[in-house]
Amino acid sequence: MLDLFFRFERAVSQVALYAAVLMLVASVSLGFYQVLTRFVFDAPSTWSEVMARSTMIWCVFLGAAATFRGGYMMAVEVIYKLVPAPALKVLESVIALCCMIVLAILVIYGYQMTLRVQNQMLSGVGISIAWIYAAIPIGAAFSLLSVITRLVAQLTGRETIGVTDAEAPLAPPTTPPSASTSTASTTSTASAADEGRKTP
């Protein structure tokens with residue numbers, strides 16, 4: 001059952017990530033087109049700036065799901081180092097619960113805001129602004145699924161808890177073999193020369 005759930009979440013997160021990449025490409029392309037029409041052709045586009053901003057909004061909310069799933073959100077690593085290992089599951093559960101509360105609020109109120117503005121139109125485009133506001137509940141729903149999946153994977157031992165890329169202690173510098181060999185030979189040559197000078 002858990003394997004089926006993880007496969008479902010992996011497929012959904014990949015769809016969200018690919019859509020976020022597509023929106024990023026569209027936003028950059030539209031921004032370049034806006035600059036081109038304004039400063040090269042001296043005929044600013046009336047719709048590209050709005051669409052570039054809208055696609056960037058979609059990119060952020062869709063990309064947040066993959067960020068939550070991979071654990072790439074900003075974290076205070078010193079807390080993970082100070083908390084003992086048995087309490088890491090409790091700490092991770094509290095963090096996940098806080099994230100789920102915020103994301104649930106975004107889903108509920110984002111959906112209500114989307115319905116409230118569905119009669120408003122984007123200037124220069126002629127489409128409902130609700131299509132842009134829809135990024136809030138949809139992206140938050142994707143992120144909510146990612147947070148739940150990550151927590152379940154950690155509690156069941158499928159994934160590690162805490163900082164996995166902590167700084168390793170620096171190893172002491174080692175002398176290359178060639179350098180040590182040449183140093184030893186130089187020292188022995190100097191010693192032999194000193195003995196030769198001391199011999200009458």
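These legends describe close-up views of a predicted model. Residue numbers start at 1 in each chain and follow its sequence as written. In this predicted model, local features need pLDDT of at least 70, side-chain atom pairs count only at pLDDT 80 or more, and totals for chains, interfaces and linings use all residues; side-chain values rest on heavy atoms, without hydrogens or water.

**View 1. The protein chain has seven helices and zero strands.** Helices (H or I, at least four residues) and strands (E, at least two) are DSSP runs, numbered from the N terminus. The order from the N terminus is α-α-α-α-α-α-α. The protein chain has 200 residues, and 28% of them count as buried. Buried means under 20% relative accessible area, exposed over 50%, and partly exposed in between (1.4 Å probe, protein chains only). Among contacts with a separation of 6 or more, 70% join residues 24 or more positions apart. Contact means heavy atoms within 4.5 Å.

**View 2. Helix α4 packs against α6.** Helix α4 spans residues 88-116, and α6 spans residues 135-155. Their axes lie 8 Å apart, at an angle of about 160°. That angle makes the two helices roughly antiparallel. Axes are lines fitted to C-alpha atoms, for helices over the stretch in contact, and angles run from 0 to 180 degrees between N-to-C directions. Angles under 35 degrees count as roughly parallel, over 145 as roughly antiparallel, 65 to 115 as roughly perpendicular, and the rest as oblique. The α4–α6 crossing is left-handed. Left-handed means that the near helix is turned anticlockwise from the far one by less than a right angle; clockwise is right-handed. Residues of α4 in the contact include Ala96, Cys99, Leu103 and Val107. From α6, they include Ala140, Leu144, Val147 and Leu151. The contact residues divide into 16 nonpolar, five polar and three charged. Here Ala, Val, Leu, Ile, Met, Phe, Trp, Tyr, Cys and Pro count as nonpolar, Asp, Glu, Lys and Arg as charged, and the others, Gly among them, as polar.

**View 3. Helix α1 crosses α6.** Helix α1 covers residues 2-39. The axes of α1 and α6 come within 10 Å and cross at roughly 140°. The two helices are therefore oblique to each other. This crossing, too, is left-handed. On α1, the contact includes Phe5, Phe6, Glu9 and Val12. On α6, the contact includes Leu145, Ile148, Thr149 and Val152. The residues divide into 11 nonpolar, three polar and one charged.

**View 4. Thr149 sits in helix α6.** Thr149 is buried because its relative accessibility is 0%. Neighbours within four places in sequence are left aside here. Thr149 then contacts Phe5, Phe6, Glu9 and Arg69.

**View 5. Arg69 lies in helix α2 (residues 48-70).** Arg69 is buried, at 18% relative accessible area. Beyond four places in sequence, Arg69 contacts Glu9, Ser146, Thr149, Arg150, Ala153 and Glu159. Arg69 and Arg150 are 81 residues apart along the chain, yet their C-alpha atoms are separated by 5.9 Å.

**View 6. The disulfide count is zero.** A disulfide is a pair of cysteine sulfur atoms within 2.5 Å. Cys99 is in no disulfide. The nearest cysteine sulfur to that of Cys99 belongs to Cys98, 6.9 Å away. Cys99 is partly exposed, with 24% relative accessible area. Cys59 is buried, at 13%.
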